[in-house]
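Q: I have just opened this one and would like a quick walk through it. Can we go chain by chain?

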Amino acid sequence: MKSSGTFNIAAHGDREIVVTRVFDAPRRLVFDAYTKPELIKRWLLGPDGWSMPICEIDLRAGGKYRYVWKNETDGSEMGMGGVYREVVPTERIVVTEVFDEAWYPGEAVDTIVLAEQNGRTTLTQTILYDSRATRDAVLKSPMQIGMAASYDRLEKFLPSLGREALSA
Amino acid sequence: MRDLDATFAALADPTRRAILARLARGEASVTDLAHPFAMSQPAISKHLKVLERAGLISRGRDAQRRPRRLEARPLRDATHWLENYRQFWDAQFRRLDDLLHDLQTGDPKIENNKIKKKKSAR
């Protein structure tokens with residue numbers, strides 16, 4: 001496992017989330033890995049146990065793409081797709097994203113910028129949501145409430161609260 | 001999934017998030033909930049209505065106090081996706097590191113694959 005380790009997700013402006021990551025490779029390779037189906041299928045696989053049976057790309061402004069992932073254990077599928085708005089080879093991609101089962105309202109627009117320095121590539125992926133409310137909800141709320149990791153525990157705790165209310 | 005819009009809309013307000021954070025520690029009456037905020041009880045009640053409609057809170061069985069309590073499920077659905085999202089990209093990028101390494105060191109799997117065909121076609 002080789003990892004350059006710089007991975008950051010942060011809020012930016014009113015409606016954006018910015019993901020940055022440094023890769024130990026020239027940007028033409030990172031660009032290929034983001035745009036060629038045979039390469040995408042080798043890394044854009046989600047958590048262990050998922051595969052990517054569908055990866056279709058029409059890489060040009062106005063061209064569509066479609067990704068479908070499949071959970072090999074339970075057979076469930078997660079699909080998404082969108083339209084390329086801008087494609088500048090090795091440098092910049094602007095593309096829309098809509099999940100089949102929407103987990104945030106509206107359509108998001110991804111801007112991917114690749115910058116190379118000394119053979120290393122910094123990827124900056126800006127995801128623009130349809131409103132500040134959506135962005136904040138996606139990024140902040142669960143962390144602010146501080147329960148992202150503890151909801152299972154919380155759910156076990158709730159029935160006992162119900163019993164306390166009954167006996168009160 | 002159809003309720004996620006309501007969940008996210010309800011979560012978008014800082015006062016409502018603070019109310020949920022308070023309720024995560026245990027159920028509370030409207031008076032208790034209004035106490036830490038410089039807000040009238042009707043203003044708090046309005047926020048509670050939004051949270052209730054989104055299914056994020058419910059009312060306890062005590063008829064006098066009508067305590068509100070947190071409903072974990074919609075939050076779990078919402079946070080579940082965010083967690084997936086983070087884990088998704090972290091796992092993704094680590095795998096991409098490996099692929100980029102392979103591409104630079106001449107991975108045989110790729111050499112025999114479509115990349116080679118494309119190269120030789122040029």
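**Chains A and B**

A: Chain A exposes about 8200 Å², and carbon and sulfur atoms supply 50% of that area. Keep in mind that this is a predicted model.

Q: What share of the residues in chain A is buried?
A: Buried residues make up 45% of the 168 residues in chain A.

Q: And what is the secondary structure of chain A?
A: Chain A has five helices and eight strands. Starting at the N terminus, the elements run β-β-α-α-β-β-β-β-β-β-α-α-α.

Q: How many of the contacts in chain A join residues at least 24 apart?
A: The share is 37%, counted among contacts between residues at least 6 apart in sequence.

Q: What about confidence in chain A?
A: The average pLDDT of chain A is 77, and 73% of its residues score at least 70.

Q: Where is confidence lowest in chain A, and where is it highest?
A: The lowest mean, 37, belongs to helix α5 (residues 151-167) of chain A. Strand β7 (residues 108-117) of chain A is the highest, at 95. Over residues 141-168 of chain A the pLDDT is below 50. That stretch still has 39 contacts in the model beyond near neighbours in sequence.

Q: How should low pLDDT be read?
A: Where pLDDT is low, the predicted coordinates should not be read in detail.

Q: OK, switching to chain B. Which elements does the secondary structure of chain B come to?
A: Chain B has seven helices and two strands. Along the sequence they follow the pattern α-α-α-α-β-β-α-α-α.

Q: At what angle do helix α2 and helix α4 of chain B pack?
A: Helix α2 (residues 14-23) of chain B packs against helix α4 (residues 41-53) of chain B at about 75°, and their axes are 10 Å apart. With that angle, α2(B) is roughly perpendicular to α4(B).

Q: Which residues make the contact?
A: From α2(B) they are B:Thr15, B:Arg16, B:Ile19 and B:Leu20. From α4(B) they are B:Ile44, B:His47, B:Leu48, B:Val50 and B:Leu51.

Q: What does that give by class?
A: The contact of α2(B) with α4(B) has six nonpolar, two polar and one charged residues.

Terms used
Residues numbered from 1 in each chain as written. Chains lettered and ligands numbered in written order. Predicted model: local features only at pLDDT ≥ 70, side-chain atom pairs only at ≥ 80, totals over all residues. Heavy atoms only, no water. pLDDT = per-residue confidence, 0-100. Helix = DSSP H or I, 4+ residues; strand = E, 2+ residues; numbered from the N terminus. Contact = heavy atoms within 4.5 Å. Axes fitted to C-alpha atoms, helices over the stretch in contact; angles between N-to-C directions. Parallel < 35°, antiparallel > 145°, perpendicular 65-115°, else oblique. Nonpolar A, V, L, I, M, F, W, Y, C, P; charged D, E, K, R; others polar. Buried < 20%, exposed > 50% of the residue type's maximum accessible area, 1.4 Å probe, protein only. Areas by Shrake-Rupley, 256 points an atom, 1.4 Å probe, with all protein chains shown as cover.
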